[in-house]
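My notes are kept in the order of looking.

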Amino acid sequence: MNEDGLKDYISSLISKNIRIDGRSLLDYRKPIKIELNVSKNAEGSARVIMGETEVIAGVKMNIGEPFPDTPDEGVLMVGAELLPLSSPEFEPGPPNPQATELARVIDRGIRESGMIDVKKLCIKKGELVWMVFLDIYTINDDGNLIDASALASVVALRNTVLPKIEGDKVLFGEHTKEKLPLKKAPLTCTLVKIKDKIIVDPSLKEEKVMDARLSVAVSENNEINALQKGGDKGISIEDIEKMFDIATEKTKELRKHLH
Amino acid sequence: MYSKRFDNRKLDETREIEAKVGIIKRADGSAYFRIGDTKVIAAVYGPRELYPVFLQNPEKGLLRCVYDMTSFSVTDRKRPGPNRRSIEISLVTEKSLLPALDLSQFPNTVIDIFIEVIQADAGTRCAGICAAAMALADAGIPMKDLVAAISVGKVGDKIVLDLNKDEEDYEEGSTDMPVAIIGNTEEITLLQLDGDMNKEEILEALRLAKKGCSEIHKIQKKALKEKYMSVKENE
């Protein structure tokens with residue numbers, strides 16, 4: 001089926017409130033599987049499987065100099081690799097715009113929600129702080145890498161323990177029992193518009209025919225910490241309002257997966 | 001003197017091995033291979049069209065291999081992206097698999113193999129080759145036989161099979177020799193050495209490698225059969 005045919009098929013189903021994989025419009029794929037400690041060499045790591053989409057996220061810690069404008073705050077670096085292993089459409093090479101967007105959307109949700117208590121990551125003001133390296137790797141892309149990555153990232157951070165240090169050196173491979181100082185947990189819900197309907201957790205086929213996309217990162221008290229509009233068409237304010245309400249409800253559901 | 005192995009194995013004993021195929025749905029073939037605490041996945045895409053067109057060979061298909069480690073697969077964070085080590089490993093991996101394949105059936109195309117190390121505890125290139133060979137078979141690429149690989153070497157004064165990280169880092173000296181062998185022809189398709197061994201020691205180590213690879217071949221075949229037997233039962 002070509003893209004126009006697929007689009008007609010998907011949207012004619014959606015107009016009857018049915019999705020190509022049998023879900024209703026506002027259902028996430030089920031079950032959502034979460035596995036911890038993907039790598040024992042990570043300070044924290046997690047695997048998330050949503051339908052057939054699979055991603056892993058891992059945290060490595062180091063110590064180093066803070067940025068001059070935030071001398072008493074730890075540093076967060078988020079990277080994402082769209083592995084060519086995970087899709088015939090991904091190619092080897094430095095992160096492309098899609099990978100960069102993914103990393104930055106996840107970064108904003110975590111950073112702006114204040115999930116990590118960066119002040120507590122200061123070891124010596126202006127000289128030495130903890131640096132958190134969060135890296136996301138896609139294993140199988142069947143759509144909605146953003147929500148799967150956001151969930152994997154939050155789970156990995158929540159399971160992160162600090163490595164031992166000696167003076168200004170990290171003893172890699174040796175861990176303390178001390179957890180990363182965390183305050184909140186932002187979760188991301190991605191909504192897609194196809195013709196006049198809104199759906200959540202788009203599969204790859206749905207992403208291919210979507211008109212517009214909105215990813216919303218929501219933390220515990222329903223604060224919105226990050227937004228990212230994607231897709232080739234615009235969205236109305238009315239739709240955005242609806243999408244916020246749905247994202248708030250759906251991230252509450254996703255939150256049940258955090259222990 | 002290295003009298004007892006760190007993990008109490010016999011000198012000619014491999015770590016625990018686990019193998020599985022068909023783990024990545026979007027790939028044409030895929031596999032998971034774990035040996036001890038080393039965990040690797042591999043995916044095969046192709047034969048598919050090769051671009052740019054000038055790379056196409058009307059006589060035979062091209063095999064391309066990328067070996068990569070996740071940043072958190074090792075204790076000291078690895079920067080994402082290729083480095084000199086990973087580029088060399090990609091090359092020798094390609095060369096270790098190529099002799100098992102007949103790519104003349106796939107002119108003008110490419111078969112891409114992507115290997116990702118999820119958790120590293122020595123022997124990652126060998127685990128990568130084991131996973132890649134299974135992924136090729138899972139993708140239905142005709143092969144002479146599966147390729148298995150394992151590291152052998154010398155830890156202290158002992159010749160051992162399948163060095164783990166503690167053994168690779170052994171203070172009193174450690175030599176690592178990764179070996180890959182095609183199952184039925186017993187051709188050696190990967191041979192590297194990093195350390196210090198004499199001719200007799202190397203030949204002794206090669207005998208161990210042959211034993212280790214033949215055990216791995218059985219496990220690889222079993223994993224492939226498990227997938228395709230269960231497909232048959234479902235029909």
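The notes below go from the model to the interface and then to single residues.

**Model.** I am working with a predicted model, where local features need pLDDT of at least 70, side-chain atom pairs count only at pLDDT 80 or more, and totals for chains, interfaces and linings use all residues. Residues are numbered from 1 along each chain as written, chains are lettered from A and ligands numbered from 1 in written order, and side-chain values use heavy atoms, with hydrogens and water left out. The predictor gives an ipTM of 0.94 and a pTM of 0.96 for the complex.

**Interface.** I found 29 residues of chain B in contact (heavy atoms within 4.5 Å) with 30 residues of chain A. The buried area (accessible area, 1.4 Å probe, lost by two parts on being put together, summed over both) is about 2500 Å², and carbon and sulfur atoms give 60% of it. R26(B), F72(B) and T75(B) supply 33% of what chain B buries against chain A, more than any other three residues.

I then listed salt bridges (a side-chain nitrogen of Lys or Arg within 4 Å of a carboxyl oxygen of Asp or Glu). Five cross the interface of chain B and chain A. K25(B) pairs in a salt bridge with E52(A), with closest N and O atoms 3.7 Å apart.

**Salt bridges within chains.** The count over all chains is 51. In chain A, R23(A) bridges to D201(A) at 3.0 Å between the closest N and O atoms. The two residues are 178 apart, each in a loop. R23(A) and D201(A) are both buried (under 20% relative accessible area; exposed is over 50%, partly exposed in between; 1.4 Å probe, protein chains only).

In chain B, the closest N and O atoms of E167(B) and R5(B) are 2.8 Å apart. I checked burial: E167(B) and R5(B) are both buried. Both also belong to a salt-bridge network that includes K40(A) and D162(B).

K222(B) and E226(B) form another salt bridge, at 3.5 Å. They sit four residues apart in helix α4 of chain B, about one helical turn. K222(B) is exposed at 55% relative accessibility, and E226(B) is partly exposed at 45%.
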